[in-house]
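Here are my notebook entries on a structure that was new to me.

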Amino acid sequence: MERVISDPAESERVETARAARYPPTRIPNERLMQALEAEKALLGCMILDGSVIPRVMAIAQVGDFTASERQQLFQRILDLFESGRPVDVVTLSSGAWKPSALTELAQYGLPSNVGAYALQVAGQRLTEELRKQWAETGKNLEKSADHSESIRDLESKIQEELVTYDRQS
């Protein structure tokens, strides 16, 4: 049951507190830049060394990439690999990608670090999903009449986990 607040000043104070507790789920610019670099490195490793593709497939998904062009390239790489065809600049450039752009991508990252790149790409999506779930849970808690200490304890623990995860990644 949602609590009704008739005083405008009280209503504004509650909204300000809610916004502070449940911030919007946007990727900060610095983290977005790190994610883009990890995506380039991951794709570059897959183009440079096709033997890393099974390892990447076990971690990353098409939807983990932030831009549709990188999602499409990732899917094309997977399609070529799964059909038994070579994955390289020549086979990929027969699609919508220019050889120069693919060659540039192949210079990003080291195949020996592909697991770290894949985890970073997949981790970004998972972090955003957690943030969205957290915001939705917060909104539901605000609407609830029952604000017991155990719910607040759980809320604090989840927030701490998100902050810890952000610092580690």
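Is lysine 40 buried, partly exposed or exposed? I looked it up: lysine 40 is partly exposed, at a relative accessible area of 25%. My scale calls a residue buried under 20% relative accessible area, exposed over 50% and partly exposed in between (1.4 Å probe, protein chains only).

A note on the source: this is a predicted model, where local features need pLDDT of at least 70 and side-chain atom pairs count only at pLDDT 80 or more, while totals for chains, interfaces and linings use all residues. Residues are numbered from 1 along each chain as its sequence is written, and side-chain values use heavy atoms, with hydrogens and water left out.

Next I searched the whole structure for salt bridges (a side-chain nitrogen of Lys or Arg within 4 Å of a carboxyl oxygen of Asp or Glu). I found three.

Entry on lysine 40: its salt bridge partner is glutamate 37, with 4.0 Å between the closest N and O atoms. The two sit three residues apart in helix H2 (residues 29-48), so about one helical turn separates them. Helices here are DSSP runs (H or I, at least four residues), numbered from the N terminus. Glutamate 37 is partly exposed too, at 35%.

Entry on arginine 70: its side chain meets that of glutamate 39 in a salt bridge, 2.5 Å from N to O. This pair links distant parts of the chain, 31 residues apart, with glutamate 39 in helix H2 and arginine 70 in helix H4 (residues 68-82). I noted glutamate 39 as buried, at 1%, and arginine 70 as buried, at 12%.

Last entry: glutamate 69 also forms a salt bridge with arginine 70, at 4.0 Å. Glutamate 69 is exposed, at 52%.
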